[in-house]
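Thanks for making the time this morning. I would like to walk through one structure with you, slowly, beginning with a detail of the backbone and then widening the view.

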Amino acid sequence: MAATGEAVLDVRGLTRLYGAGCPDCLVLTGPDAGTNICPQCHAIVACNNISFDLEQGEILGIVGESGSGKSTLLRCICFDEEATAGECYFAAFGTGRDDAFSQTGQARRYIRNHLLGIVYQNPLMGIKPHFTAGGNVAEKLLTADVYNVSLIRQRAATLLQRTEVPLARMDDFPANFSGGMQQRVQIAKALANNPPVLLLDEVSTGLDVSVQARVLDLIKEIQRDLGIAMIVVSHDLGVIRLLADRTGVMQHGQVIEFGLTDQILEDPQHRYTQLLVHSML
Amino acid sequence: MGNVLSVRQLSKHFILHILGGKVIAGCEEIGFDLKQGEFLGLTGPSGAGKSTVLKCIYRTYLPTSGQMLYTGKDGRQIDLACAPEREMIRLRRREIGYVSQFLKVMPRVPAVDVLAGELRQKGWEMERARQRAREFLKIMDINQALWDAYPSTFSGGEQQRINLARTLITEPRLLLLDEPTASLDIVTRQIVIRVLKDSKAAGATMIGVFHDLDVMGRLVDRVFGIEAGRSSTQCSPPQVATDLTPVPGHYYDSASVECGAGASTDRRGSGRIASREDTL
Ligand SMILES: Nc1ncnc2c1ncn2[C@@H]1O[C@H](COP(=O)(O)OP(=O)(O)OP(=O)(O)O)[C@@H](O)[C@H]1O
Ligand SMILES: Nc1ncnc2c1ncn2[C@@H]1O[C@H](COP(=O)(O)OP(=O)(O)OP(=O)(O)O)[C@@H](O)[C@H]1O
Ligand SMILES: [Mg+2]
Ligand SMILES: [Mg+2]
Ligand SMILES: [Zn+2]
């Protein structure tokens, strides 16, 4: 399904500091300063005034070096971390112009359980290895207020099938699964509540190449079939090339360049992006 | 009929920060018009800027200056040089196709699904998309045994036909072709020529770079020469096919091109090219 023109997620000025911070943190850090650590107060500016929006069915890629703030960005959007400043709007929450960051616990839980799917680099952050594969999916459905047992079982089976986890393994424990299969269980779980927005952090990193290819296919298929919008974080430009329509490049907490993915790869404007692309060739 | 595309003073410079800010000229003040259903051939020596022009139109390259006015299916005019990215994505899905010389596909996706996937992006239902994909693979004369195999394992010529097919199957209104017949043998080249002629007959507007002058002569209405980034010549293709081709299939040396009197004017270095109205 193609992007439709409606923003399902709108992030404005997202900022996250680690440390008390001072009035000059944001200007004293970034690509020009060459660091994300404030020289004055030593706070870490993990995300510095990041804005973008996401349309239905669109895949936005985020690339950047280690420590540039990619994971922090996702973690703020799903409330794993508290944003220091900025706003975040979900079309499906409230009027669509109610800032998620300024909501209290209950509304946040609603957003997280109903409007978001999260896939972490480490599958064990997203799934419980000692719940069965089916049980993991069921857990997410329960948080999304689906209580009918036979419906849950049926939906879990459908999702695991779609992510190519053999049905025979539905009642096995992911602790005994391969890394690729754990990752597919995690994706099934993230999709359980049929979220409009899916956040993926280095989903294919650490998987061997053929397993990685299948995970990437799966993600593309999910986009096409379900029209879910995604933010795909990766330091691997190959992954970004295959998945993302648009891409943002992060360095030292800032987005230094946004563009069509092929343009970012073939005609990068920023010095750092040029380095990144050339080091890949 | 109005112009589908008007390129005006298009320049592209690459600033290479990692080489101390070195500036490389891709193309300089290129200008041409394309009417609906017209097929323009771009020629010029290696490095002249042909691919750069195509990639600017598709916005794989961000133009440095100039305009590229595209008139959409809905009659709206959009300057591709500065259209928002989302607008470009929409146009790419619905109206503007680009065929590069090399295939880039997801690994482990069967040929039939590479094609079907393009239609799925446009909202087609899976079985219908696969059905159409199979028809297209047949048109492209891809051996049926390969339909469910992965294109990354295909021969160069097969890959190139898949590459062309995945774009043509969406029936783009404006088609940008960068050497679409480069690695094909004579038989498959015939197939591609036939398919491109069909697209043209169906109303597609096209720009193509061909190193094979014989192929170009059989397809294009008009030729636009580029040399060292600038427009050099414009002429109609019979001359290309007959006068200018010492041996068909040889690489084209645009330095030797002289358009016959009345056919065109040599505008080398003039920087601006008025569209020629006379076509074949
Ligand atoms: N809980 C924390 N406390 C202090 N600093 C943190 C914390 N979490 C992240 N940081 C810092 O914030 C910055 C951004 O980290 P983040 O994990 O977002 O980077 P990343 O771009 O995801 O890197 P990678 O590619 O290595 O995963 C880093 O400098 C990191 O050290
Ligand atoms: N992404 C890029 N970055 C830097 N320079 C580039 C880039 N793309 C093209 N160029 C330069 O722009 C000039 C024109 O290149 P282009 O690829 O457009 O030539 P061409 O006419 O298509 O040549 P060929 O017939 O060999 O394909 C060349 O000097 C080339 O090196
Ligand atoms: Mg990270
Ligand atoms: Mg070229
Ligand atoms: Zn500070």
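A:F79 counts as buried, because its relative accessibility is 15% and the cut-off for that label is under 20%. Please keep in mind as we go on that this is a predicted model, and that the values I quote are computed from it. As a reminder of the background, most residues other than glycine have a negative phi.

A second residue belongs in this part of the talk, namely A:E202, whose phi is near 50° and is likewise positive although the residue is not glycine. A:E202 is found in the loop between β6 (197–201) and α8 (209–226) of chain A, and with a relative accessible area of 5% A:E202 is buried.

Let me now step back to chain A as a whole. Chain A contains 11 helices and nine strands, and its radius of gyration of 19 Å is close to the 19 Å that the globule rule gives for 281 residues, so chain A is as compact as a globular protein of that length. The C-alpha trace of chain A spans about 55 × 45 × 35 Å along its principal axes, and 56% of the 281 residues in this chain count as buried. If we take the contacts in chain A with a separation of 6 or more, residues 24 or more positions apart account for 69% of them.

That brings me to the partner, chain B. How many residues of chain B are in contact with chain A? The number is 29, and they touch 35 residues of chain A, while the two chains bury about 2,800 Å² between them, with 49% of that area on carbon and sulfur atoms. Between chain B and chain A there are 10 salt bridges, and one of these pairings joins the side chains of A:D245 and B:R93, at 3.0 Å from N to O. On the chain B side, β1 (3–16), α1 (50–58), α2 (85–94) and α3 (111–121) each supply at least two residues of the surface that touches chain A, and α2(B) gives the most, with eight residues.

Terms used. Residues numbered from 1 in each chain as written. Chains lettered and ligands numbered in written order. Predicted model: local features only at pLDDT ≥ 70, side-chain atom pairs only at ≥ 80, totals over all residues. Heavy atoms only, no water. Contact = heavy atoms within 4.5 Å. Buried area = accessible area lost by both parts, 1.4 Å probe. Salt bridge = Lys/Arg side-chain N within 4 Å of Asp/Glu carboxyl O. Helix = DSSP H or I, 4+ residues; strand = E, 2+ residues; numbered from the N terminus. Rg over C-alpha atoms; globule rule 2.2 N^0.38 Å. Buried < 20%, exposed > 50% of the residue type's maximum accessible area, 1.4 Å probe, protein only.
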